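Open the model in your viewer and keep the selection tool ready. The stops below go from one element to the next.

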Amino acid sequence: MERELVLQNETDLVLMQFFLSPPDSSARSPDLLGAEVVRPASTHRIRLGRVPACVFDAVALFADGSKEVRRGLDVCATPRLVFGDPALPTLDVAVANRSPLRLRELYASSRDPADWGRDRLGRAVIPPGGRFTLRMRTRDCVFDLRAVYEDNQEELRERVDLCAAREIAFDRSAIARPPTRRIVLANRHLATVRQVFLSASTEADWGPDRLGSAMLAVDEDTTVETTGGCQADLRIVFADGAAEERRAIDICETTRVVLRPGWVVAARLDGEEPLAPEPEPSGPDPLRLRNAGPLPIVEIYTGPPGGPRGEDRLGEDTLPIGATIEIEATDPAACAVDLVAVFRDGRAVTQPGVDLCVGEEIEIQ
């Protein structure tokens, strides 16, 4: 006897695939829909042929990736399989994208607090200027809607009566804007800064050059802006291509950053008061070391005479060509050190018996 099964889709999703298998079996039939789909509020007839069995496990896959399983389905006694509740009314709402970016995800919730559930777009997107029909089987009218754009920015529309307003538009006007933060950069290097990059510490790239076509000359200050949180990373690039970076600067607490060898981050200043002068160094005058070599210096060590090198005094910084850095004694009672400078190509230059407490300047080349 030829058997037939009618699929009735009363959900608001497209039924994409349908499978039958013997009860409690891992074996599964091919997709019985083939190239067909069952759209919402539609039916589809499947010819099973002359199969002796009546009882199967059924699996239905929908457009959003969700799955519904019916176990022990008797296709002889019940030749019609209904998905969803046909008693629920259908609510159709036109969603318009009036932004310049693609709308990638769309969520709707009638619960408080919102339980967003699945992405209503499924595999679709709404291009700029495009529209999408949001179809839901529900008796509810008031919904919260959440749209996610291709740049991961989200826009909310809360407590919208979709029974009264059958069209809703997203244009990015309701996206929360992060605060703009400003910091002063003071160039106290001996070289012009060609580029400045300032980005949130959570970002994967540096973003645009904050100086644009301008440059930051020696002893000049400039103000740069950024948006987002308090933790930011700063990168400066000199005219010769050398660069320095400082990570995780709290730009909410630090409103002025002094760029100089050794890189000093100034303390927070009250915006209504003049910039406070930098504190004068106390104790012995530090040694000034000038890079007179052909490459940036990437490591500096000041170990006891004849002893181990100790820690790198530059840390994550570099000393560009022609630049200087002040090096203080870590112990005022131990001013004499063996100084080792390592250039970018790995070449190391050693100056034994250097006095860090006499305030002199030496050149390394």
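**Stop 1: strand 14**

Select strand 14: 6 of its 8 residues are buried, so the strand is largely enclosed by the rest of the structure. Buried means under 20% relative accessible area, exposed over 50%, and partly exposed in between, with a 1.4 Å probe and protein chains only. Strands are DSSP runs (E, at least two residues), numbered from the N terminus.

A word on the source: this is a predicted model, where local features need pLDDT of at least 70, side-chain atom pairs count only at pLDDT 80 or more, and totals for chains, interfaces and linings use all residues. Residues are numbered from 1 along each chain as its sequence is written, and side-chain values use heavy atoms, with hydrogens and water left out.

Three strands form an open sheet in the order 14-16-17, with antiparallel pairing. Its edge strands are strand 14 (193-200) and strand 17 (243-250), each pairing on one side only. From one strand to the next, the twist averages 15°. Here axes are lines fitted to C-alpha atoms, and angles run from 0 to 180 degrees between N-to-C directions.

Zoom in on strand 14 and strand 16 (residues 231-238). They run antiparallel and are joined by 7 bridges. Two strands count as paired if DSSP finds at least two bridges between them. Pick Phe197: its bridge partner in strand 16 is Arg235. Then pick Val196, which stands opposite Ile236 in strand 16.

**Stop 2: strands 13 and 18**

Which way do strand 13 and strand 18 run, parallel or antiparallel? They run parallel, joined by 4 bridges. Select Ala186 and you will find its bridge partner, Val258, in strand 18.

Show the side chains of strand 18 (residues 256-259). Arg256 and Val258 point one way, Val257 and Leu259 the other way, and all are buried.

**Stop 3**

Strand 10 and strand 11 pair in the antiparallel sense over 6 bridges. Click Ala147 to see Glu155 opposite in strand 11.

**Stop 3: loops and backbone angles**

Most residues other than glycine have a negative phi.

Start with Asn152, in the loop between strand 10 (142-149) and strand 11 (154-161). Asn152 has a positive phi of about 75° although it is not a glycine. Asn152 is exposed, with a relative accessible area of 53%.

Next, take Arg172, in the loop between strand 12 (167-170) and strand 13 (180-187). Phi of Arg172 is near 75°, a positive value in a residue other than glycine. Is Arg172 buried or exposed? Arg172 is buried, at a relative accessible area of 13%.

Move to Gly129, in the loop between strand 8 and strand 9. Gly129 counts as exposed, at 67% relative accessibility.

**Stop 4: the aromatic pair**

The structure holds 1 aromatic pair. Select Phe62 and Phe83: their ring centres are 5.9 Å apart and their planes at 80°, so the pair is edge-to-face. Rings of Phe, Tyr and Trp (its six-membered ring) pair if their centres lie within 6.5 Å; planes under 30 degrees apart count as stacked, over 60 as edge-to-face and the rest as tilted.

Phe62 lies in strand 4 (residues 55-62) and Phe83 in strand 6 (residues 80-84), so the pair ties together parts that are 21 residues apart in sequence. Both Phe62 and Phe83 are buried.

**Stop 5: the second largest pocket**

End at the second largest pocket, with a volume of about 420 Å³. Of the 21 residues that line this pocket, the closest to its centre are Asp12, Ala108, Arg118, Arg120 and Arg137. A pocket is an open set of points on a 1 Å grid over the protein atoms alone, where a 1.4 Å probe fits, with protein on both sides within 12 Å along at least five of seven lines; lining residues have an atom within 4 Å of a point. Grid points are joined across faces, edges and corners, and a volume is the space filled by probe spheres set on the points.

Highlight strand 8 (103-109) and strand 9 (131-137): each supplies at least two residues of the lining.
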